[in-house]
Amino acid sequence: MDIIESILNIPVQDPQEEEFSSADLSWSKFGTAERHDNVAIIPYARVDAFIIGECSNVECPTRFHIERGRKRSKGSLKEYKNDEYLEYRLYWCSFGPENYGEGGGILPSRRYRLNTRNRAARPQSMRGCTCHFVVKRLYARPSLALLIYNDRRHVNKSGFVCHGPLDGDAIGPGAKKIPYICNEIQQQTMSMIYLGIPEENVLEKHIEGLQRYGDSNANVNSLASQYVHKLGMIIKRSTHELDLDDQASIRMWVERNKKSIFFYQDTSETNSFVLGIQTEWQLQQMIRFGHRSLVAADSTFGIKTLKYPLYTLLVFDSRQHALPVAWVITRSIAKPDVSKWMKALLDRVRAVDPGWKINGFLIDDAAAEIDPIRDTFSCPVLFSLWRVRRSWLRNIVKRCSNIEVQREILKRLGNMVHSIWGGVDYSVALEELNQDFVDQTSFVQYFNASWVPKLEMWLTTMRNLPLASQEASGAIEAYHVKLKVKLYDDSHLGALQRVDWLVHKLTTELHSSYWLDRYADESDSFQNVKEEYIASTSWHRALQIPDCDVTLDDKDRLFAKVVSQKDSSLTHLVWNPGSEFSFCDCSWSIQGNLCKHVLKVNMLCENRQDCQASMSYKSCKEILTNLWKKPVEDSISMDLSMAWTQQILEQIQKLVELNSSNDIGCVVNNLPLKWVAKRGRTSVGKPPSALALPSGSKSNGVALLIQQQVSHHPPVGAGDAENDHFVYDITSKVKTNS
């Protein structure tokens, strides 16, 4: 085969099949006589179809994961070759590259005694497969992808087939008899066992998984039964106590699970204990769902009950559910310690995807250090009210027996928070609260002791930071509730002061639960698990309530009635409708949770002019109002303000059009044309036109408000932090509400 020296001479191939593989393409040698690669060019839009086809290899069925990735922004290169990349992805067979199987490198030997009579099987997830390929989105032609595929055979370094039906040496002891068990099947089986699913159901799903990677017969089924039973016994006999001393036990766990650790700092005279945990699956989810999206924090969990509080980083998945992607166990909230583990986490993510970036970071604790977040992630910081509301409601219900008193106190506290932008002195509202409810001694004493000393700090944070939506708050709360159920099991209360127990619970039961939730949703299997996962947030449950089942009080808007979805003869009352501090008489709300009835009523109130706006909308409007302050005439500050505000307006207009359009092609056709010359000169072919905004939502009203402000009142301080908050907060609300 002749070697092609110019990429322009390589034809573009677009197979007609819906899914295709390397066997369906004609490969060319590209490069020089000394160094060349096997390449093919396909449309970039068909890369996913190619990957799916490669995964469906009959002889060696597998999956490919991104081993490394890099990105460049358009226009970043002044001079470039025809084969320069805009995006670079190295895909590797999931049975490699490391070799934990027969004929590979030296297997790690155990230096400790297992607490079981049976010898555990060797690690089985990686077989040293060398099959990998590169996808390069071409810088000069972004609509095309260059495939580089030099190792198409699924073999190890010795040249032997290392997985699939043709692999005679699959795993550990009795390798020639036992079928190969890939990482996905193993994780699925472990997750089901951890969640307490009966062994016969686990075995059924396990055999179904094996059939995807090879033929099934009586011998395979028998061995699979032994494997599932043995794995179940190992899990039941496993213990979190690797050593009687908790600190020594954690050191041993860290040494054995280095791949799941992104930061570790042991206790010393100068350093505080910090343990950052992130499994490889969590890393993949953080890259997938966190890029150009939100990361949220559930902080200070177990501050009174656990030896070290738990700090969880969350992303919002395809259903906008909160998904834990990292756990940090520490008592330290000092800036140096927070900066260390945040930078270590970001470095780990960017080692896989250098272009990874988030658009916003949600915090739920007013005492949290904001500077490390801004310095590390270079993004706006938003504040979620869920923790405040939950704490107040739980203690009101606990300490006040009269339901009328409960809803009135919550309404008063909510009005105090809603008035933070009105210049009202909160101390006056507190004094009135103490006088009017002087007979509620238990709650008044609790509130004055626990909240009054720090109330100004919390209200200041709410006023200065953009406030997150109720959907985001509900998702974070759903994770918090699930975490509490998993950890605060009566049978483990004696272990709460051990860190190794907490690590064990997180990395086994909780991790398995979320893994199975995502797997069930994406593979459309485990229907019961999938249905529970979809309905796990109050926001999604609220969407199932028909509008006709909600009745608003027409007179004073004091309450709303919501018909129960389980029993149509029951009706729930929601007092103070439209507020984040609404009070519902359902059992879920009485426990301090944000219930579906409150959310459904607030959804309907959002588009009614006679109902109060949500605090997230008020926060957005307040930041926008501050931008109206006019800078010095004919100053650079005014130029910067105008440029920033126009950029915000264009982003909102494009986002609204994208969310309201039924045809993505129309949106693409409206995008401005860019002509790129070899010297790097870029010019816009046509100016972006003003896009029509659909009416009927408050978020679009904000967009129109910005448009008016651009025409009449340029904002101030285009480069300050408040504008950073505003840029994403406005955009996120349009995305959420459009």
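A salt bridge here is a side-chain nitrogen of Lys or Arg within 4 Å of a carboxyl oxygen of Asp or Glu. I'm working on a predicted model, and with that cut-off I searched the whole structure and got 26 salt bridges.

**Entry 1: a pair between strands**

Glutamate 87 comes out buried, at 16% relative accessible area, because buried means under 20%. Arginine 137 has 22% relative accessibility and counts as partly exposed.

**Entry 2: the sheet around that pair**

I wanted to see where S5 and S6 belong. They're part of an open sheet of seven strands, in the order S1-S2-S3-S7-S6-S5-S4, with mixed pairing. The edges are strand S1 (3-4) and strand S4 (64-71), each of which pairs on one side only.

I zoomed in on the S1 end. Two bridges join S1 to strand S2 (residues 28-31), and the two strands run parallel. Isoleucine 3 is opposite lysine 29 in S2.

Next I looked at what lies across the sheet. Helix H1 (residues 47-55) lies across strand S3 (36-43), S4, strand S5 (85-93), strand S6 (132-138) and strand S7 (144-151). I noted its angle to S7 as about 25°.

**Entry 3: a pair further along**

Glutamate 369 and lysine 335 also make a salt bridge, with the closest N and O atoms 4.0 Å apart. What does this pair link? It joins distant parts of the chain, 34 residues apart: glutamate 369 is in the loop between strand S13 (360-363) and helix H8 (371-377), while lysine 335 is in helix H7 (residues 335-352). On accessibility, I have glutamate 369 at 29%, which counts as partly exposed. Lysine 335 is partly exposed too, with 35% relative accessible area.

**Entry 4: a buried pair**

Are arginine 498 and aspartate 500 buried or exposed? I found both of them buried. Their side chains meet in a salt bridge at 2.6 Å, N to O.

Note on methods
Residues are numbered from 1 along each chain as its sequence is written. This is a predicted model: local features need pLDDT of at least 70, side-chain atom pairs count only at pLDDT 80 or more; totals for chains, interfaces and linings use all residues. Side-chain values use heavy atoms; hydrogens and water are left out. Two strands pair if DSSP finds at least two bridges between them. Helices (H or I, at least four residues) and strands (E, at least two) are DSSP runs, numbered from the N terminus. Contact means heavy atoms within 4.5 Å. Axes are lines fitted to C-alpha atoms, for helices over the stretch in contact, and angles run from 0 to 180 degrees between N-to-C directions. Buried means under 20% relative accessible area, exposed over 50%, partly exposed in between (1.4 Å probe, protein chains only).
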